[in-house]
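Me: I am new to reading protein structures. Could you walk me through this one, a feature at a time?

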Amino acid sequence: MDLPSGEPAGRTGTARRTWEWIDQRFGLSALAYPVPQHANALAYTLGGVTLGAFLLLVATGIYLAQLYDPTPTAAHSSIVDITESSFGSLVRSLHFWLSSIFIVTLTLHLLRTFATAAYKAPREGIWLSGTVLFLLAGGLLFTGTILKWDQEAQEAFGHNVEIADLLGIFGFWFSPEFTDSVSLLIRTYVAHVSILPLLLGGVVGVHLLLVKRLKISPLASGTPDEIDRRARDEVQLPFTTHLARIAYWTLLVLGIALVLSALRPAGIGPEGVEGIEITKPPWYFLWLYPLENWFGLDSLVVAPALLVAGLVLLPFLDRSRERDPRRRRSWIALAVLVVLAWAVLTVYGYVTVPVSHVEEMG
Amino acid sequence: MRALLLVVAALALASPALADEGMPEGENPAQTAQALSLQALAILDWGLSHEEALEKLDAALEAEDKGGVDLRALRAAHEALEQEEVEKAHELLHGVFPSGVSHLAGVTYRPAVGVGEIVALIVGALVIALGAFGLMRRRRAERALA
Ligand code: HEM
């Protein structure tokens with residue numbers, strides 16, 4: 001069925017009447033408000049694709065929640081059981097790969113909004129809500145890693161407990177001492193399947209309302225005056241064309257996740273032992289691994305805190321009218337440096353042997 | 001939308017047919033002898049309870065997947081630990097692992113690629129083609145609108 005895009009529907013009779021019936025009741029044609037043509041480019045669709053990936057994660061997560069047992073004695077074997085059935089393994093692998101795709105599209109979206117200076121006035125609120133989303137996404141990845149309750153999960157869990165201790169009163173909620181009656185694994189599960197996704201959903205709502213209200217930032221090419229002039233003359237398309245693009249990109253994401261799940265299904269390690277370290281974190285946290293080796297546990301708090309502080313402060317530090325990345329070379333150089341540092345740390349984390357015991361084992 | 005329904009239907013149809021038997025009851029394929037021995041070694045390295053290490057070695061000796069460990073060394077380490085000769089067991093455990101393997105306990109069980117994965121691969125390729133086709137159509141439609 002064609003969306004209410006103002007395009008010739010190309011359909012007559014029953015289809016058109018059905019559409020009109022639905023539209024009168026749900027007001028869907030209100031979605032056909034104008035947006036600038038450049039909003040349909042992939043770079044400006046990445047936020048929507050991230051949302052699409054998130055919805056697919058929710059769908060696969062709901063299925064997994066029917067089969068997963070979050071009690072510490074049964075968690076690992078319930079994951080093994082899921083993995084041993086073909087369909088369970090497929091859904092689990094989809095969830096696994098979609099989480100990686102989600103974090104990739106999310107980061108690309110962040111980098112795009114940085115590169116086009118979309119954080120500048122009047123869009124600081126969108127950027128700040130985005131920073132909260134970034135943190136929530138990190139929380140979802142971290143809690144998800146813990147749920148499989150294998151050695152890697154146990155070590156992530158151990159870090160959680162140690163960081164909770166380090167944070168003192170602020171970490172109390174994340175510590176096993178918070179309550180005797182419910183295990184921290186179950187509370188982590190609750191965070192993963194309800195608290196964090198609900199918060200993320202709510203903040204995404206605010207984020208999108210702000211984007212709707214403040215409109216998408218203009219194409220960032222040329223001087224500020226040139227950019228304003230071009231924005232006034234730009235062709236407008238119905239927002240529904242943007243939604244259609246997001247839907248097709250999301251379909252592409254689903255296809256890629258299916259192919260990856262088929263070629264490399266998600267695995268699991270041995271049931272975890274507390275207090276030892278013989279694994280490395282998943283790729284998205286690998287950049288922290290060498291930092292911990294060099295600077296200890298504190299770096300796991302300090303490095304992400306610095307990153308988030310930088311994101312929060314950015315719109316208040318860079319207040320010029322310039323949007324074109326070629327006219328903001330020092331800011332772009334700073335971002336390139338951060339991305340390079342992340343990449344180098346990740347590769348280094350991947351190739352190095354764990355510091356603590358492997359040297360001994362030779 | 002119709003395409004999406006087709007995809008869901010294909011996967012739903014495939015699911016009961018593909019629900020395989022899995023491993024025998026009680027056998028946990030992620031608990032390989034190699035990973036369990038590595039955990040036992042790390043437990044001793046970290047100076048944790050040697051009884052816990054012994055439990056791991058018990059399980060390692062029973063594990064279906066021995067993953068190339070030196071069984072003789074494993075048994076000797078197990079025996080030493082039973083005698084509470086922790087130092088000796090520690091030493092012996094170093095010799096349990098096949099040479100050149102990574103001393104990391106990463107993924108120890110990953111399902112083999114079977115019919116389910118092949119169906120997923122085909123459906124995935126179709127979904128990608130559908131998405132790409134849809135995007136091409138949108139581009140044309142938008143050009144006409146602009
Ligand atoms: C779950 C995570 C997120 C979702 C679902 C999401 C969704 C969206 C969507 C749909 C848009 C419309 C334009 C576009 O797609 O580019 C948008 C715009 C925007 N987002 Fe996000 N976003 C997320 C995270 C972030 C993060 C982490 C940041 C940065 C810290 C951010 C900053 C922005 C900004 C500044 C805009 C305005 C863009 C412009 O006007 O050009 N978002 N977001």
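Reply: Let us begin with the helices around the ligand: helix H2 (46-65), H4, helix H5 (124-147) and H7 of chain A each supply at least two residues of its shell. A helix here is a DSSP run of H or I with at least four residues, a strand is a run of E with at least two, and both are numbered from the N terminus. Before going on, note that this is a predicted model, where local features need pLDDT of at least 70, side-chain atom pairs count only at pLDDT 80 or more, and totals for chains, interfaces and linings use all residues. Residues are numbered from 1 along each chain as its sequence is written, chains are lettered from A and ligands numbered from 1 in the order in which they are written, and side-chain values use heavy atoms, with hydrogens and water left out.

Me: Which helix gives the most to the shell around the ligand?

Reply: That is H5(A), with six residues. A residue is near a molecule or strand if one of its heavy atoms lies within 4 Å of it. Of the 25 residues around the ligand, the nearest are His109(A), Arg112(A), Gly130(A), His207(A) and Ser217(A).

Me: How do the residues of the shell divide into nonpolar, polar and charged?

Reply: Ala, Val, Leu, Ile, Met, Phe, Trp, Tyr, Cys and Pro count as nonpolar, Asp, Glu, Lys and Arg as charged, and the others, Gly among them, as polar. In this shell, 14 are nonpolar, nine polar and two charged.

Me: Which residues coordinate the iron atom of the ligand?

Reply: Donors are N, O and S atoms within 2.8 Å of the metal (3.2 Å for Na, K and Ca); water is not among the atoms, so sites may look incomplete. Here His109(A) and His207(A) each coordinate the iron through NE2, at 2.0 to 2.1 Å. His109(A) sits in helix H4 (residues 86-115) and His207(A) in helix H7 (residues 184-214), both of chain A, so the pair ties together parts that are 98 residues apart in sequence.

Me: Why is the arrangement around the iron atom called octahedral?

Reply: Six donors count as octahedral if opposite donors are over 155 degrees apart and all others between 65 and 115; four count as square planar on those terms, or as tetrahedral if all angles lie between 85 and 135 degrees, and anything else is irregular. The six donor atoms around this iron subtend angles of 86 to 179°, which makes the arrangement octahedral.

Me: Is Gln151(A) buried or exposed?

Reply: Buried means under 20% relative accessible area, exposed over 50%, and partly exposed in between (1.4 Å probe, protein chains only). Gln151(A), in helix H6 (residues 151-166) of chain A, is buried at 0%. Its side chain makes a polar contact with that of Glu155(A) at 2.9 Å.

Me: And where is Asn28(B)?

Reply: Asn28(B) lies in the loop between helix H1 (2-18) and helix H2 (33-45) of chain B, and it is buried at 16%. Contact means heavy atoms within 4.5 Å. Leaving aside neighbours within four places in sequence, Asn28(B) is in contact with His76(A) and Val80(A).

Definitions and conventions: A polar contact is a pair of N or O atoms within 3.5 Å; within protein, one must be able to donate a hydrogen and the other to accept it, and residues adjacent in sequence count only if both atoms are side-chain atoms.
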